[in-house]
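The following report is written for a reader who meets this structure for the first time.

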Amino acid sequence: MELKVLSADERHAKVLLSGASPAYANALRRAMIAEVPTLAIEDVIIYENTSPLYDEILAHRLGLVPIRTDLSRLNLREECSCGGEGCPSCTLTLSLEAEGEGMVYSHDLRSPDPELTPLPGIPIVKLREGQRLKLEAEAVLGRGREHAKWQAAVAGYKYYPEIEVLESCTGCGDCVEACPKGIMKLEDGRAVAVNQEACILCRACVQECEENAVQLRASDEKFIFTIESTGALPPLEVLRQACRCISKKAERMIALL
Ligand SMILES: [Zn+2]
């Protein structure tokens, strides 16, 4: 099995996985979206709320705010040494105090830890003059399979496209016009595929070619993963943690044998 990072930044990554099966690629995808823990607000203690939103709606909006997570320092509550009562190793307590007029944003939630902070710029509620909000919110680790607020990333994959232009190509340019991704080009009177990885396997080039000269296959042992993180963890960390989740599950199986 081989892994190649095609591109990666703070929020997005493209990774090429070769020498794997569709079943393995799907296990990886599912682990990324459902098994990787992140922080999200679970309990909200509201001291004062004269905003236009009901407490429940406010708590729901707060729950969906992504919070930067460091998995090396945090435990899942049910696995924590405090026995699930809540301690600094499993619970992050944020506080919010605001008074109108103005918009309350996610970055108004104050965190005691500079590395575990809500992602900035997400509007929570708009306050009019004199309206007040005072609350405390407890964030804990959880998994996407329990609630979407804990989902670390949106991850998907496509089969690696393999485009071949046969000798019978007449260079008519129909495939060049048909391709919505601009992958087909004319070179020396023949069609060639450039930047094949961008192909979306729509088969427009195959359908438009009257000579049947364009062959398109999707490899079932090479996969291009697209990972878009919520911002709680970098996308490559989501992939790393997903692999750990699969490995841990396998170890638990071995222990049962
Ligand atoms: Zn604890």
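In helix H1, the residues Ala-25, Leu-28, Ala-31, Met-32 and Ile-33 are buried, where buried means that 20 or more other C-beta atoms, placed from the backbone, lie within 10 Å of the residue's own. This is a predicted model, in which local features need pLDDT of at least 70 and side-chain atom pairs count only at pLDDT 80 or more, while totals for chains, interfaces and linings use all residues. Residues are numbered from 1 along each chain as its sequence is written.

Helices (H or I, at least four residues) and strands (E, at least two) are DSSP runs, numbered from the N terminus. The buried residues of H1 pack against the elements listed here, with contact meaning C-beta atoms within 7 Å.

| Element | Residues |
|---|---|
| strand S2 | 12–18 |
| strand S8 | 153–165 |
| strand S11 | 214–229 |
| helix H5 | 235–256 |

Another buried residue is Cys-205, which has 26 C-beta neighbours inside 10 Å and lies in helix H4 (residues 204–208). Not counting residues up to four places away in sequence, Cys-205 touches Cys-175, Ala-178, Cys-179, Met-184, Val-214 and Leu-216.

Elsewhere, three strands form an open antiparallel sheet in the order S3-S7-S4, strands being paired if DSSP finds at least two bridges between them. Strand S3 (38–49) and strand S4 (91–99) each have a single partner strand, so one side of each is left without a neighbour in the sheet. S3 and strand S7 (residues 132–142) pair over 10 bridges, and Asp-43 stands opposite Glu-138 in S7.

Technical notes
Buried ≥ 20, exposed ≤ 12 C-beta atoms within 10 Å, placed from the backbone. Contact = placed C-beta atoms within 7 Å.
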